[in-house]
Structures are given as structure tokens and as C-alpha cells.
Amino acid sequence: MSDSRRIKIFDTTLRDGEQSPGCSMNLQEKLEVAQALQELGVDIIEAGFPIASPGDFESVREIAANIKGCTICGLARCNDADIDRAWEALKFAQFGRIHVFLATSAIHREFKLRMTREEIIARAVAGVRRAASYCDDVEFSPEDAARTERDFLCEVVEAAIKAGATTVNIPDTVGYATPASYGSVIAMLKNRVPNIDKAVISTHCHDDLGMAVANSLAAVENGAGQIECTINGIGERAGNAALEEVVMAMKTREDYYHATTGIVTQRLVPTSRLLSSITSMHVQRNKAIVGRNAFAHESGIHQDGMLKERSTYEIMRPEDVGFQKTDLVLGKHSGRAALGDRAKALGYQLNGEQLQGVFDAFKKLADKKKEIYDGDIIALIEMQLHGS
Ligand code: KIV
Ligand code: ZN
């Protein structure tokens with residue numbers, strides 16, 4: 001669709017995702033994931049937080065030096081030491097970005113930073129300026145933006161852009177926002193910050209209330225041009241917006257969002273599986289897009305519909321996200337049509353009476369067994385045809 005906007009996908013699996021308990025990766029593993037992300041077509045890889053540890057520094061530096069074709073980003077707090085260290089790690093990137101952040105909400109200002117609004121603005125401006133002295137791609141995040149007073153958020157964002165930020169990210173750090181509230185913050189920034197068109201507005205949503213994907217999409221509807229997300233939605237606490245979900249929502253409902261990405265969607269499942277195998281953090285079976293059941297149909301009515309015309313019960317094609325094909329799972333809810341279809345695929349031509357006999361035996365077995373495998377079907381058919 002020609003009037004669609006191109007939304008940048010900023011993947012933070014290796015930074016915010018790695019902050020997920022149990023998800024830390026070694027250098028080799030991070031390089032493997034970064035390579036997979038580049039092949040997936042993400043625009044920006046946030047490779048780590050260089051000052052956090054020597055290991056983080058080394059992995060950002062190695063990813064920057066070896067992964068080409070997309071932007072490599074490193075995180076820094078708004079202080080000279082962090083920013084200098086980030087650039088030291090990023091300087092060999094084909095395209096490097098420094099991402100500086102500073103909390104802006106009253107709660108963070110009062111209890112964590114003990115800084116006034118004026119001090120926050122001055123520190124943000126100094127941080128952005130220092131980052132801009134190293135590279136022309138600078139992102140600024142007012143941490144906890146979703147809980148920041150609106151007037152103050154506008155002031156900080158305007159000052160950061162004036163100081164040289166080319167992307168302003170609006171984190172919902174604690175996953176507190178709702179789609180309507182988060183969308184309205186983006187709309188407000190578009191309307192009230194005079195220099196907003198000089199920067200890309202980015203979303204960064206956490207999933208504490210299960211709304212990270214919905215919030216990110218609401219931001220796109222209101223003018224955001226970048227989504228920060230992670231593979232399988234891994235991240236601090238309940239995680240970040242899941243990359244595969246935001247991407248497929250925009251692709252499947254392009255008629256609604258009028259937005260596209262550069263993601264090679266056929267790489268979604270392989271990338272998800274690579275990350276699961278490296279981190280041992282498995283996705284649940286019914287996880288949208290990449291879960292094992294995401295394209296599996298068991299009920300007889302659905303299977304019958306699918307065999308007649310797949311769009312009856314399928315809004316995406318499994319091949320488009322990297323699955324081999326739709327899985328018509330045979331279980332106690334399945335019907336004769338699906339059983340006949342599987343028998344044919346297994347090489348058996350059954351007449352109506354034979355199929356009915358196999359079907360009766362199949363239903364009895366399905367009441368006892370959670371999953372029916374092809375071996376079970378073959379045994380039932382053989383029993384029906386030859387009595388053995
Ligand atoms: O959630 C958050 O606020 C972050 C920032 C560092 C962008 O991860
Ligand atoms: Zn975060």
C-alpha cells in the first residue's frame with residue numbers, strides 16, 4: 001500500500017532483553033544473535049550498555065566491528081564517562097548511534113536522582129551535546145516518560161532536540177501506560193513541541209500490564225516512527241514489546257496502520273528459536289506469531305474450514321513468519337475431513353466405510369491421549385485395513 005509510512009525497528013534484545021533474569025549471553029552468543037538480527041532486517045541493534053561491565057563493552061565493540069548493514073547502538077547515562085565509553089565501543093561501527101537516557105518523572109527526580117527540573121534539563125542537554133560531538137546519530141530517552149508531567153516532558157524533549165538528538169524515545173519504563181494514554185502522549189509531543197519534526201519519535205514499552213505491543217502500536221497511530229522491541233518480548237520483569245508481534249500486526253493490518261517495516265518476516269520463527277535455544281527461555285505454545293500453536297488448528301469445524309479455504313480461520317500464512325505450514329493437529333476435537341486428509345498425506349486411500357472405521361477408533365484413542373502422532377494414525381489405519 002503506497003501511503004504507508006516506513007517504521008524503524010530498533011531491537012534491544014541484546015540490551016534490555018539481556019536484562020531479563022536468566023537471559024545473559026556470552027560474547028559468541030551475542031554475535032550470533034546480532035548476525036541473526038541483521039539478517040532479519042532490523043534497522044538498529046542496541047548491542048549493550050558499554051560502561052556496565054567489561055564484557056558488555058567487549059560485546060558492543062565486537063558487534064560494532066563485525067555486523068554491517070544496520071545501525072549499532074550503545075546505551076549511556078547522561079554523564080561524560082558513560083558517553084565516552086559508549087563511543088569507544090561504537091567507533092568502528094559502519095553506522096553508530098549513542099543512546100543517552102536520564103529519568104524525568106517526579107518519582108525518579110525526587111527519590112532516585114534528587115535533582116530539580118532545571119538540573120535535569122541541563123544534564124540532558126549536556127549529555128546529548130557530548131554524544132553529538134562523537135556522532136550525528138544520537139537518541140535521547142527521558143526514562144519513565146509515561147509518568148512524567150506532560151509540560152515538563154515537552155520541555156525536556158524540545159531541549160534534547162535543540163542539543164542535537166535525532167531520535168527522542170518515550171519509555172514507558174514500568175509498563176504503566178494504556179494504549180489511549182500512551183498514544184495521547186505521542187500526539188501531544190507532535191502538537192506541542194515546536195522542533196519535533198527534526199527528530200524521530202520512538203516507542204519503548206514494557207509489558208507489566210500486558211499492553212506493551214498495544215501501546216507501541218497506539219504510538220505508531222499517533223506519529224511514532226520507531227519501535228523499540230525484543231525478540232520473544234524478553235526484557236526486564238514482564239519484558240518489552242515483542243518484535244514479532246508489532247511487525248506482524250503492522251503487516252497484517254497495513255490497511256489500518258498504514259505502516260511497514262524492513263523486516264524479512266520469514267526469519268521471525270528461526271530468530272525466535274535461535275534466541276530460545278541460546279537463553280533457554282522458551283516461548284509458551286500459544287505465544288502469538290512464533291508459538292508452536294500459533295498456526296495449529298485442532299477443532300473439527302476449524303480444520304474442515306481450513307481444508308476448504310485457509311482464510312476461513314487464518315489471518316496470516318505460517319510460511320510468512322517462517323513456519324513450514326499450518327498444523328492441523330489431530331485430537332479429540334478433530335473431524336473426519338482432517339483425518340481423511342492426513343491419511344491421504346500418509347499414503348492411504350480410504351473409502352467412506354474404511355474412513356469411518358478409522359475415525360471411530362481414532363476418537364476412542366483421542367479421549368485417552370493428549371497428542372496423536374502420525375505413527376498412531378498409521379497403526380489405526382493398518383488395524384482397520386488388515387486387522388493388525
Ligand atoms: O525502560 C527504559 O526506560 C529503558 C531506557 C534505558 C530506555 O530501558
Ligand atoms: Zn526498557
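**Barrel, ligand shell and a helix pair**

In this predicted model, Ile72 has Gly96 of β5 as its bridge partner.

Colleague: Over how many bridges do strand β4 and strand β5 pair?

Modeller: Strand β4 covers residues 71–77 and strand β5 covers residues 95–103. The two run in the parallel sense, and the number of bridges between them is 7.

Colleague: Which helix lies across β4 and β5?

Modeller: The helix in question spans residues 80–90. Its direction is at about 160° to β4. The helix is α3.

Colleague: In what order do the 8 strands close into a barrel?

Modeller: The pairing in the barrel is parallel. From one strand to the next, the twist averages 25°. The order is β2-β3-β4-β5-β6-β7-β8-β9.

Colleague: Is Glu139 buried or exposed?

Modeller: Glu139 is found in strand β6. A residue with 20 or more other C-beta atoms within 10 Å of its own is classed as buried. Glu139 has 29 C-beta neighbours inside 10 Å, so Glu139 is buried.

Colleague: Which strands each supply at least two residues of the shell around ligand 1?

Modeller: Ligand 1 is surrounded by Asp16, Phe101, Ser141, Glu143, Asn169, Pro171, Thr173, His204 and His206. Ser141 and Glu143 belong to this shell, and residues 138–143 form β6. Asn169 and Pro171 belong to it as well, and residues 167–172 form β7. The strands that each supply at least two residues are β6 and β7.

Colleague: Are α14 and α15 roughly parallel or roughly perpendicular to each other?

Modeller: Helix α14 (residues 336–345) and helix α15 (residues 352–368) pack with their axes 10 Å apart, at an angle of about 110°. Angles of 65 to 115 degrees count as roughly perpendicular. The two helices, α14 and α15, are therefore roughly perpendicular.

Colleague: Which residues make the contact of α14 with α15?

Modeller: The contact residues divide into 6 nonpolar, 1 polar and 1 charged. From α15 come Leu355, Val358, Phe359 and Phe362, and from α14 come Arg336, Leu339, Gly340 and Ala343.

How values were computed:
Residues are numbered from 1 along each chain as its sequence is written. Chains are lettered from A and ligands numbered from 1 in the order in which they are written. This is a predicted model: local features need pLDDT of at least 70, side-chain atom pairs count only at pLDDT 80 or more; totals for chains, interfaces and linings use all residues. A residue is near a molecule or strand if its C-beta atom, placed from the backbone, lies within 6 Å of it. Helices (H or I, at least four residues) and strands (E, at least two) are DSSP runs, numbered from the N terminus. Axes are lines fitted to C-alpha atoms, for helices over the stretch in contact, and angles run from 0 to 180 degrees between N-to-C directions. Angles under 35 degrees count as roughly parallel, over 145 as roughly antiparallel, 65 to 115 as roughly perpendicular and the rest as oblique. Two residues are in contact if their C-beta atoms, placed from the backbone, lie within 7 Å. Ala, Val, Leu, Ile, Met, Phe, Trp, Tyr, Cys and Pro count as nonpolar, Asp, Glu, Lys and Arg as charged, and the others, Gly among them, as polar. Two strands pair if DSSP finds at least two bridges between them. A residue is buried if 20 or more other C-beta atoms lie within 10 Å of its own, exposed if 12 or fewer, and partly exposed in between; C-beta atoms are placed from the backbone.
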